[in-house]
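The sequence and the model are shown first, and the notes follow by topic.

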Amino acid sequence: MRNFPFRRCSWLLLALLLGSPAVLRAQATTPAEGPMLTQPAVLGMIALLLIIVLGAAVLLVGRVASLIRGTQKPSTENEAGRFDETVTNLTDPQLAAILARQQGREFALGGAELSGASPAHDTQGLVQHVALNVHSQWFHEKRRTAPFTDLDPKLTMLISAFLLCAAFWLVLGTTVGWYAGVKFVSPDVDHVAALSFGRLRPIHTNMVFWGWTSLAMIGLGYFVVPRTNNTPLFSLKWGWWSLGLINASVILGTVCLMAGINNGGGEYREYIWPVALLFALGVIVAFANFYQTVAHRTTEEFYISNWYILGATIWGIVLTVIAYLPWYQNGLGETITQGYYMHMGVGMWFMTFTLGLMYYFLPMSLNKPIYSYSLGVLAFWTQLLFYSLIGTHHYIFSPLPWWLQTVAIVFSVGMIIPVLAGTINFLMTFRGSRKRVGDSYSLPFLLMGVLFYFVGSFQGSLQALRYTNLVWHFTDFNVAHSHITMYGIVSFMLWGCIYTLAPKLRGREPRQALVGVHFWFALVGLLAYVMALMIGGTLKGMSWMAGEPFMKSVVLMAPYWLWRAIGGTFMLLAHFVFFYNLVDMLLGGKAAPQAPLTQAPVKQAISQAHDVLERI
C-alpha cells in the first residue's frame, strides 16, 4: 500500500464518475490519439458507469432513509403532559361530559360483528400475513407470497434439485475464483500444480458457466415452460437426465482441468470434447423436453418467454457443436471460431435464456403484464440478427481480414437496438411500482439486473470500436466488463427469479434480513471489483500505448488487484448467504401455517388504538 498511487487514482476515479475533461485530459493522454476524452466512446463509457453508481446510490439512500424513519417512534410524552395539564384545568361539567363519552365506549364495535362468535378463517388465502408491530426499527418487513397449490410435487422436487445443484456450483466455483484472485495479491501463496492460476481460472469460469448459470436457467425453465403453456412438463424423467448429464460434465471437467487435461487455449471451451459432449447431451435433452411441452400446449397463444428459452437452447447446442468440430479449426480459422463461440455463448445462451425468464418472472413479481409484447419480439429477432457476427470484435487489429473486423464492429453497434428495446420494456413494466419494489426482496435484484443489462450491453458496443479496443482490450478492463455482464446481468436476474419462485414452491419464506445481506454484499462487492479493474485496466492500456515496459504495468496493477480481492470477498460471502437462504427455503422444516384471523388480534389492535387515541 506504500506505493499506491492515491493521487493519480483519485483524480482518475473522479474523472470516470464525473466526466471532467480537464482531469482526464491531464491524466490520460495517449501519444497516438490525443486526449482520451476527445473520444465519444470513452465519454459514453463514463456515462454508463455513472448510471450504475447513481442507481446503487438511490437504492442505498432510500434504504438508509427507511431505517432512519423506522427508528423515529412517535413521541407521546409531550402530548401526555399537555393532556394531564388540560385535565386538571377542566370544570366539573366538562369533566362529566368526558366521563360520559368514556362510558359510551362500551357500545363501540368489537370487531366481530360480521364474523360472529366463530373464529375468522381466511379460506380464500386473501390475507397472507398479519403483523401487529409495523414499526420495526431496522428491518422493513417485505411482502410475503402465497405458495402454489396446483404444482406437481414431483416437478417441485426436480426444480429444487436444479436450483440446489446450481447454488452448490456457484459457491464452489466462486470460491475457486476468489482463491485465484488472491494469487494476484500473493502469488506465492502455494506451489501446488493443481492449484496454479492457469488451472484455477478455467475451473472457475467453467464451473460458474455450466454448473451455476446453466443449471439455474434450465431449472427455472422447467417451471416457466409448463406454466406458460398450461400443460404438464412432457417428461420428468428427461428432466432428471438433463440434470445428471450436466452435473457429470462439470464434475469430470473439473477433475480433468485440475489434472492439466484440457482442450488448449480456447477460452470457455477448456473441457475436452468427451466432457463437453455430456453437457451438449444434457442441453439436447432439455430442449427436447421444452419442445415437446410446447407442442402439447393447451393455450393458443405462444408466450414470448418460450421464444427466448427455445431459441437459447437451440443456439446453445449449435454453439457447442461448432466449437468442438476440428475440421475447419486451423490457423486463423480457429481464432474466428473462438471469437464466435466465446461471445455467442454469453449472448445467445446465457443472456437469451435469462431474458426469457425475465419476461415471465418480472410480470409475476409485479402482478402486472409486460409493458409491450411487440418490443419483446423486436428485441428477440434483432438480437438474433446482430449478435451472430460480433465475436470478431475481440480481435481488432489482428491478422484477421479487415472487412471481417469492420462487420463485427458494425453489428456490435447494431446491438444497441435489442438492448434499448429490452431495457425500455422492462423499465416501463416497473413504472408506477416504486412501493412494490420497496416491499419485495426479489424485485431489487431484477431492477439492478435490468440496469446492468443496459450498461453492460451498451458498454460492449462501445468497447467494440477501434480506439477503445486499442486502450482496453487484453487489459483488466475486459475482466470487469465480463463480470458486469455475467454477474451483474445474468446472476442478479437469476437471483431475482429464484427469490420469486422458491418461496412459492414449498411456502417457506427466506429470512428477509439475510436476503438484504445477499443483495448488498453482492452489489457492493461487484462495484468495488469492476471499478478497480476499470481504472487499473485504463492505466495499464495507457502504459502499453506509451511504450513503457510490460513489467511496469504489472506493478501498476498491484493495488487494483487488492481491491479486486476485497470486492471478490464480499461477492463470495453473498453467495454463501444465498446458498443458506435457498437451502432454508427448499430443504428447511415444513412451512409454518399462517395464523388464523381470530377475534383476539382484532380486539388487541382495537384496544391499542383506543389507548393511543386516549393519549392524544
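Which residues of α9 are buried? The buried residues of helix α9 are V275, A276, F279, A280, G282, V283, A286, N289, F290, T293 and V294, where buried means under 20% relative accessible area, exposed means over 50% and partly exposed lies in between (1.4 Å probe, protein chains only). The model is a predicted one, in which local features need pLDDT of at least 70 and side-chain atom pairs count only at pLDDT 80 or more, while totals for chains, interfaces and linings use all residues. Residues are numbered from 1 along each chain as its sequence is written, and side-chain values use heavy atoms, with hydrogens and water left out.

**Overall composition**

- The protein contains 21 helices and two strands; helices (H or I, at least four residues) and strands (E, at least two) are DSSP runs, numbered from the N terminus.
- Of its 616 residues, 49% count as buried.
- Among contacts between residues at least 6 apart in sequence, 83% join residues at least 24 apart, a contact being heavy atoms within 4.5 Å.
- Zero disulfides are found in a search of the whole structure; a disulfide is here a pair of cysteine sulfur atoms within 2.5 Å.
- Among the cysteines, C165 counts as partly exposed because its relative accessibility is 24%, whereas C256 is buried, with a relative accessible area of 16%.

**Helix α9 and its surroundings**

- Helix α9 covers residues 273-295, which is 23 residues.
- From its first C-alpha to its last, α9 reaches 32 Å, close to the 33 Å expected at 1.5 Å a residue; the expected span is 1.5 Å times one less than the number of residues.
- The cover over the buried residues of α9 includes α7 (197-229), α8 (236-258), α10 and α11 (332-366).

**I322 in helix α10**

- I322 belongs to helix α10 (residues 304-324) and counts as partly exposed, at 26% relative accessibility.
- Not counting residues up to four places away in sequence, I322 touches Y328, Q329, T337 and Y340.
- The C-alpha atoms of I322 and Y341 are 7.8 Å apart, although 19 residues separate the two along the chain.

**Nonpolar core and aromatic residues**

- The largest nonpolar core has 155 residues, and those with the most contacts inside it are W212, W349, F492 and L582; such a core is a set of buried Ala, Val, Leu, Ile, Met, Phe, Trp, Tyr and Cys residues joined through side-chain atoms within 4.5 Å.
- Leaving aside neighbours within four places in sequence, F492 is in contact with F445, L446, M448, G449, Y487, F519, A522, L523 and L526.
- One aromatic cluster is formed by W212, Y441, F445, F452, Y487, F492, W495, Y499, F519, W520 and F578.
- The structure holds 48 aromatic pairs; rings of Phe, Tyr and Trp (its six-membered ring) pair if their centres lie within 6.5 Å, with planes under 30 degrees apart counted as stacked, over 60 as edge-to-face and the rest as tilted.
- The pair of F223 and Y360 is edge-to-face, because the ring centres are 5.8 Å apart and the planes stand at 70°.
- F223 lies in helix α7 and Y360 in helix α11, so this pair ties together parts that are 137 residues apart in sequence.
- F223 is buried, with a relative accessible area of 1%, and Y360 is buried at 15%.
- W349 and F353 form an edge-to-face pair too, because their ring centres are 5.6 Å apart and their planes are at 80°.
- Both W349 and F353 lie in helix α11, four residues apart, about one turn of the helix, and both are buried.

**Two histidines**

- H473 sits in the loop between α17 (466-472) and α18 (476-506) and is buried, with a relative accessible area of 12%.
- The side chain of H473 reaches the backbone oxygen of H394 at 2.7 Å and makes a polar contact with the side chain of N478 at 3.0 Å; a polar contact is a pair of N or O atoms within 3.5 Å, where within protein one must be able to donate a hydrogen and the other to accept it, and residues adjacent in sequence count only if both atoms are side-chain atoms.
- H483 lies in helix α18 and counts as buried, at 18% relative accessibility.
- A polar atom of the H483 side chain lies 2.8 Å from the backbone oxygen of V479.
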